[in-house]
Amino acid sequence: MEQDISINLLFFSGTAILFLFTIFIILMVTKQKQRHLRIKMNAEQAEKQHRENLLYSVIQATETERERIARDLHDEMGSILSLTSLKLKSLHTTKDNSVEEVLHLLSEAQRNARELSNQTYPTPLHLFGLEHVLNIMIERAVAVGAPIHFSYETGTGKLSKELSLSVYRIVQELLSNSLKYARASSINILIKEQNGAIALDYTDNGVGTDLNFSTPGFGFNNIRSRMLFVHGTFEMASSAGKGFSFRASIPLNPEI
Amino acid sequence: MTAETFYSLLSRIGDVASYAGLAPLLFLLFRRDRTSPYKITLLVILMASILCDALSIYLSRMSVNNLFMTHIWAFIELPLWASFFIALFRKSALIKRVLITATVTGMLFTLADTVFFESILTFNTYGRTAVAVIIICFCLLYFFCYPESDNNYGFWIAAALLVYNGSNVLLFIFSNNLLKQQALVNHVIWAFHSLLLIGLYTAILADGLSWKKKQTSPQLM
């Protein structure tokens, strides 16, 4: 009888120990999994930060280079062409057709250099702001026959250089798509300040495309990079024959 | 509480455990997703388990010795759970080979135990214990790989399986000896076993509930 009791005791305590031990193993594995997940998340965060920093550097370097090229085109090339033009005008006394032709070509070259300079970098952005440079871009687009309704409703505060330039590049990309590929006959652009962010609302009535089946091209990647650069969010909607719409929100003071 | 009420309560737990597998079985059967080896294996395990339990209860009611069912169950349990783990580790050829080798060895051992060592009318203490130990090894292998995996498929099942087999190893070893002990001791031990079995079925249900709709073929590696 006593032996039975001790066997039972041994059996029950052994089972209890094994039960607790298996629970302990499961708890340890769960803890290990959590640790592993935390490490993985930290690594992903660091990787994301690294990619963002890289993107930031690339965009910054590209814009600096573009600014330099635009300035050189405008200042150096422009002044050389102007001087050559003036010299030629002072030299030609007779009605010589060939000199006239050269003068005409020079004036054409001056115009092209100015155009190229503006396209490469919107130099007036620093002086006159985003609204001004967008107006210039839209005037040019309207001149080629695209009716554009543009509305700009931001506060009086000056937008940062990065933000202004990004919004400018995004609108430039969208406008270029609407005119080149979508054959849009009406475009609406609305930029306004909303809850501490710049809201960009862009729509066109072009041919549209099914976004689920189209491969993102250089333009789309450019927009995505710019949005990532300014920590913004965006959504696009389009379907064949039903135009295209793009909505973005870019924080004025992103918390990096 | 009288001794009889207590006995009746303990045997109720056993009855609940015998049919507790119906809940996950019905849930998996009526779940609207594509079938995968993982889901099929779980369905087969549940069906086999419920069938064996139902048959054991029927034989017991007919006053027929049903202990040979433990021999049958030990022989089929190992390949069933091995298929479950193979479904989880289907991309790792090495682990699959290890699982298959262990399963074949375990099956041969249980067969040898039934044929040569233990009577079919008693508990198969050697075979059942060997199966439990092999399944514990499968669970430990799963837990070894689990922290590195990207999903939680099979976690609750492996955990419940480890607790069930780990805690019942002593019961499987001494099941024949325990028959000679007091009725109360037997009732308590088998009620504990039933509770762990209910836990295992609940874990299968919990695992099924955690499946994402798009993931039709879960895997660990």
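Which residue is the bridge partner of Leu200(A) in S5(A)? Hold that for a moment. A word on the source: this is a predicted model.

Start with the sheet in chain A. Five strands, written 5 in the count, form an open sheet with mixed pairing. The order is S1-S2-S3-S5-S4. Strand S1 (148–153) and strand S4 (233–238) of chain A stand at the edges. Each has a single partner strand, so one side of each is left without a neighbour in the sheet. From one strand to the next, the twist averages 5°.

Now the pair behind my question. Strand S3 (residues 197–204) and strand S5 (residues 244–251) of chain A run antiparallel. They are joined by 8 bridges. And here is the answer: Leu200(A) has Ala248(A) as its bridge partner in S5(A).

What lies across these strands? Helix H5 (residues 161–180) of chain A lies across strand S2 (187–194), S3 and S5 of chain A. Helix H5 runs at about 10° to S3(A).

Next, the contact between chains. In chain A, 16 residues are in contact with 15 residues of chain B. On the chain A side, the residues divide into 8 nonpolar, 6 polar and 2 charged.

Last stop, chain B. Take helix H2 (residues 22–30). Its buried residues are Pro24(B), Leu25(B) and Leu28(B). They cover an arc of only 105° around the axis, which puts them on the same side of H2(B). What do they pack against? Helix H3 (37–61) and helix H8 (183–209) of chain B. The face of H2(B) turned away from the buried side carries exposed Leu22(B), Leu26(B) and Phe30(B).

Conventions
Residues numbered from 1 in each chain as written. Chains lettered and ligands numbered in written order. Predicted model: local features only at pLDDT ≥ 70, side-chain atom pairs only at ≥ 80, totals over all residues. Pairing = 2+ DSSP bridges. Helix = DSSP H or I, 4+ residues; strand = E, 2+ residues; numbered from the N terminus. Axes fitted to C-alpha atoms, helices over the stretch in contact; angles between N-to-C directions. Contact = placed C-beta atoms within 7 Å. Nonpolar A, V, L, I, M, F, W, Y, C, P; charged D, E, K, R; others polar. Buried ≥ 20, exposed ≤ 12 C-beta atoms within 10 Å, placed from the backbone. Arc of directions from axis to C-beta.
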